[in-house]
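Hello,

Here is the structure I promised to pass on. My notes follow below it.

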Amino acid sequence: MSVALNTKHLSSFISEEEYAAIYPQVEAAHKQLEAKNGPGSDFLGWMTLPRDYDKEEFARIKAAAAKIREDSDVLVVAGIGGSYLGARAVVEAVKGMYHNELEDGLKIYFCGNSISPTYLNNIISLCKGKRFSINVISKSGTTTETSLAFRVLRELLEKEMGVEEANKRIYATTDRAKGTLKQLADAQGWPTFVVPDDVGGRYSVLSAVGLLPIAAAGIDIDALMQGAADAMERFSVLSPDNDAYKYAAIRNILYRKGKAVEILECYEPDFTLMNEWYKQLFGESEGKDNKGLFPASCIFSTDLHSMGQFIQEGARIMFETIVDVKKPAQDLFIDPLEGNFDGLNFLANQNMSVVNRKAMEGTILAHTDGGVPEVLIEVDDLSAYNVGYLIYFFWRACACSGYLLSVNPFNQPGVESYKKNMFALLGKPGYEGLTAELEAKLK
Ligand SMILES: O=P(O)(O)OC[C@H]1O[C@](O)(CO)[C@@H](O)[C@@H]1O
């Protein structure tokens, strides 16, 4: 099985009775999802997306990706949140975080994910003088971070290549019919791709939102979708053995016992952006109505040297979910050193992955002794197929977990508050009433 939940370290934290007690709630959550009658049921398009995706658009995505790889040195992807994280997460998990530095051919950079002028200036420097294309991604078509970065980069593209050529190098992924970006794209004749109406941003990585940058990176998107489709078949079935539902149940059992923080961990640095993707998925889905598990993340053993002390002995508020990648993309044999000057010959004559695994096993035992519940999600490797599989596993788990928490896992009303204040402070028309009040608070 390419993804499997391993609960063997949980026996002192969760009893069989507790699993049995929460199961009727899992059953109810499953029925709500399948009947599409729970909160947020307008946004359940992800449930069957790996099977029911638009095949004609999928072919257009592949053709656009091939064109970009052919006519560009750089693809700059502008987007934020769900319109950013999934694409970058898959690209880095499958190809490695240094793919731009290590491979010839197309470089992929992401922007529009902050309002930092330093960051955007660096992206401009990476594009200047190069044959570049832009994929602007925004479901709403109005997100400030994305729109601002896109405005600047489009101007650069038009200046460097002329308006006509620029229009052939801008790819817009947005709503099917509405929004500023869609209007602009139609007016300029840019190729457009669709964020389906019934798929929310954090569930959109397997739509054109993620697929175009992922395909442009040279990743096999058929394999990615097949992994997700196979996971869909497996995790859409109600059963105590459904690992996605069991993981959702574990999260809620632990949450109800005061474990309000989940730390997603991996011993592969290439998983860093997958951690970020998971944080948006679960954070936006569950953090509402004064409830929710706080999704945190670590890369180990790196963060054992920063967060390890807290996890071992600090406030007992967390549990750890370890994504255990069984086979690294590459291994390294450790040769013995004559004289053993660094004292490391006890590590020699084996692959470095063995050392990494022992670090993981030792840490799990230490943290369990420290009172931290440990959940394992085992994945064979970070191939496109298995990453697709893992994505669907987390989707299904998140939806179920949100219903177990009695929240609407498919909205994000809280995100508007910062936007409202920022617009008022910047003097955006329509927000005048709030400006003076906020400025007085800042004095
Ligand atoms: O695709 P859009 O509309 O630019 O939104 C980007 C992100 O912003 C949010 O709407 C939050 O502001 C996320 O839910 C979403 O993923």
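How far does a polar side-chain atom of Ser140 lie from an oxygen atom of the ligand? The distance is 2.7 Å. A polar side-chain atom of Ser83 lies 2.6 Å from a ligand oxygen atom. Lys139 uses its backbone: a polar atom there is 2.7 Å from an oxygen atom of the ligand. A polar contact here is a pair of N or O atoms within 3.5 Å; within protein, one must be able to donate a hydrogen and the other to accept it, and residues adjacent in sequence count only if both atoms are side-chain atoms. There are 14 residues around the ligand, and Gly82, Ser83, Ser138, Ser140 and Thr143 come nearest. Being near requires a heavy atom of the residue within 4 Å of the molecule.

Some ground rules. This is a predicted model, where local features need pLDDT of at least 70, side-chain atom pairs count only at pLDDT 80 or more, and totals for chains, interfaces and linings use all residues. Residues are numbered from 1 along each chain as its sequence is written, and side-chain values use heavy atoms, with hydrogens and water left out.

Now the domains. The protein chain splits into domain 1 (1–35 + 222–403), domain 2 (46–218) and domain 3 (415–442). The bounds come from an automatic or database domain assignment. Between the C-alpha centres of domain 1 and domain 2 there are 29 Å. Their contact (heavy atoms within 4.5 Å) takes 29 residues from domain 1 and 28 residues from domain 2.

Domain 1 and domain 2 bury about 2600 Å² between them, with 71% of it on carbon and sulfur atoms. Buried area is the accessible area (1.4 Å probe) that two parts lose on being put together, summed over both. On the domain 1 side, Met225, Leu273 and Trp395 lose the most area to domain 2, together 28% of what that side buries.

Polar links cross this interface too. Eight residue pairs are in polar contact there, both residues at pLDDT 80 or more. Two salt bridges are counted between domain 1 and domain 2. A salt bridge needs a side-chain nitrogen of Lys or Arg within 4 Å of a carboxyl oxygen of Asp or Glu. Lys62 and Asp222 form a salt bridge at 2.6 Å, N to O.

Helices (H or I, at least four residues) and strands (E, at least two) are DSSP runs, numbered from the N terminus.

Two backbone points to check. Most residues other than glycine have a negative phi, and most peptide bonds are trans. Asp289 has a positive phi of about 55 degrees, in the loop between helix 13 and strand 8. Phe300 and Ser301 are joined by a cis peptide bond, with omega about 5 degrees.

Best wishes
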